[in-house]
Amino acid sequence: MVKVALLITVPPGNDGSGGCLEECQKQIDAVASEGRYSFSIFLNYEGAAGYQAMWEKAAKEGNELFLWVDQDLMLAEDALASFLENSEFLRHKAIIAGTVASPDRTLLFGGRTRRGRLIEPDPTIPVPCQLFDLSLALIPGYAFSKLENPSDMFHRSFASYGYGHKAAKGGVARVVAPGIPARTTRKIEMSVWRDPDSTLKDKVLWVFRSVFR
């Protein structure tokens with residue numbers, strides 16, 4: 001039986017209750033009834049700063065797959081089963097980024113190109129990506145074991161403003177899950193640095209103003 005940890009990051013001022021946790025439990029119950037997976041839920045109240053501590057706690061309990069979920073996401077009803085089916089297909093060797101969209105289907109998070117541009121997911125098959133967001137992503141323990149320092153998984157490159165370079169260096173495959181497994185009403189403010197359409201001049205000026213303001 002494969003042990004799966006759901007690592008849910010809770011926004012500040014939230015107690016961790018609500019639709020996302022309830023939907024996760026509903027989907028866990030459905031998948032666990034087949035007897036091939038067991039599940040544990042871990043809550044992170046520290047945002048990105050708590051990623052490493054939450055992973056270390058889950059890893060110590062022997063979990064093999066780690067599904068990272070932001071608490072404000074509205075999961076599609078088959079999201080968990082789809083992640084696991086695709087992970088099985090890839091022999092639990094690949095990081096799978098889930099695309100998160102707004103209610104009007106504007107892409108907000110997911111798998112990204114080397115330059116940080118979001119990749120449109122295929123409706124039925126996983127497609128390769130270079131970088132990924134941790135808003136919704138399945139990371140196998142295999143990925144951590146391939147890195148010289150597993151905590152490097154949580155370090156974002158300033159050049160890309162995303163995760164993935166360490167995994168690429170370690171030879172870990174990165175793909176985008178089929179379809180759109182989650183939506184959110186969260187308002188996203190994209191900085192000049194994160195915008196792949198910004199010019200190099202704009203980005204240099206943004207860095208200068210950020211450092212010396």
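This passage describes the fold of one protein chain and the side-chain pairs within it. The model is a predicted one, in which local features need pLDDT of at least 70 and side-chain atom pairs count only at pLDDT 80 or more, whereas totals for chains, interfaces and linings use all residues. Residues are numbered from 1 along each chain as its sequence is written, and side-chain values use heavy atoms, with hydrogens and water left out.

The protein chain contains six helices and 13 strands, where helices (H or I, at least four residues) and strands (E, at least two) are DSSP runs numbered from the N terminus. Of the 213 residues in the protein chain, 46% are buried; here buried means under 20% relative accessible area, exposed means over 50%, and partly exposed lies in between, with a 1.4 Å probe and protein chains only. Among contacts in the protein chain with a separation of 6 or more, 69% are between residues 24 or more positions apart, a contact being defined as heavy atoms within 4.5 Å.

Seven strands form an open sheet with mixed pairing, in the order S2-S1-S3-S11-S5-S12-S9, and two strands are taken to pair if DSSP finds at least two bridges between them. Strands of a sheet pair through backbone hydrogen bonds, either parallel or antiparallel. At the edges of this sheet stand strand S2 (37-44) and strand S9 (127-128), each of which pairs on one side only. Within the sheet, strand S3 (residues 65-70) is joined to strand S11 (residues 136-140) by five bridges in the antiparallel sense, and Phe66 has Ile139 in S11 as its bridge partner. Helix H1 (residues 19-32) packs on the sheet, where it touches strand S1 (2-9), S2 and S3, and its direction makes about 165° with that of S2; such angles run from 0 to 180 degrees between N-to-C directions, and axes are lines fitted to C-alpha atoms, for helices over the stretch in contact.

Strand S11 also holds Pro140, which counts as buried because its relative accessibility is 1%. Although Pro140 and Phe66 are 74 residues apart in sequence, their C-alpha atoms are 6.0 Å apart in space. When neighbours within four places in sequence are left aside, the contacts of Pro140 include Glu64, Leu65 and Phe66, as well as His92 and Ala94.

The axes of H1 and H3 come within 8 Å of each other and cross at roughly 50°. The two helices H1 and H3 are therefore oblique to each other, since angles under 35 degrees count as roughly parallel, over 145 as roughly antiparallel, 65 to 115 as roughly perpendicular and the rest as oblique. In this packing, Gln27, Ile28 and Val31 of H1 meet Ala79, Leu80, Ala81 and Leu84 of H3.

The structure holds 10 aromatic pairs, in which rings of Phe, Tyr and Trp (its six-membered ring) have centres within 6.5 Å, with planes under 30 degrees apart counted as stacked, over 60 as edge-to-face and the rest as tilted. The rings of Phe66 and Phe144 have centres 5.6 Å apart and planes at 85°, so the pair is edge-to-face. Because Phe66 lies in strand S3 and Phe144 in helix H4 (residues 141-145), this pair ties together parts that are 78 residues apart in sequence. Both Phe66 and Phe144 are buried. Ring pairs also link these two residues into a cluster with Tyr51, Trp55, Trp68, Phe132, Phe154 and Tyr163.

Seven salt bridges are counted, each being a side-chain nitrogen of Lys or Arg within 4 Å of a carboxyl oxygen of Asp or Glu. Arg36 is partly exposed at 40% relative accessibility, and Glu88 is partly exposed at 32%. In a further salt bridge, the closest N and O atoms of Asp133 and Arg112 are 3.0 Å apart. Asp133 lies in the loop between strand S10 (131-132) and S11, and Arg112 in strand S8 (residues 111-112), so this pair connects parts 21 residues apart in sequence. Asp133 counts as buried at 7% relative accessibility, and Arg112 counts as buried at 5%. Finally, salt bridges that share partners join Glu34, Arg36 and Glu88 into one network.
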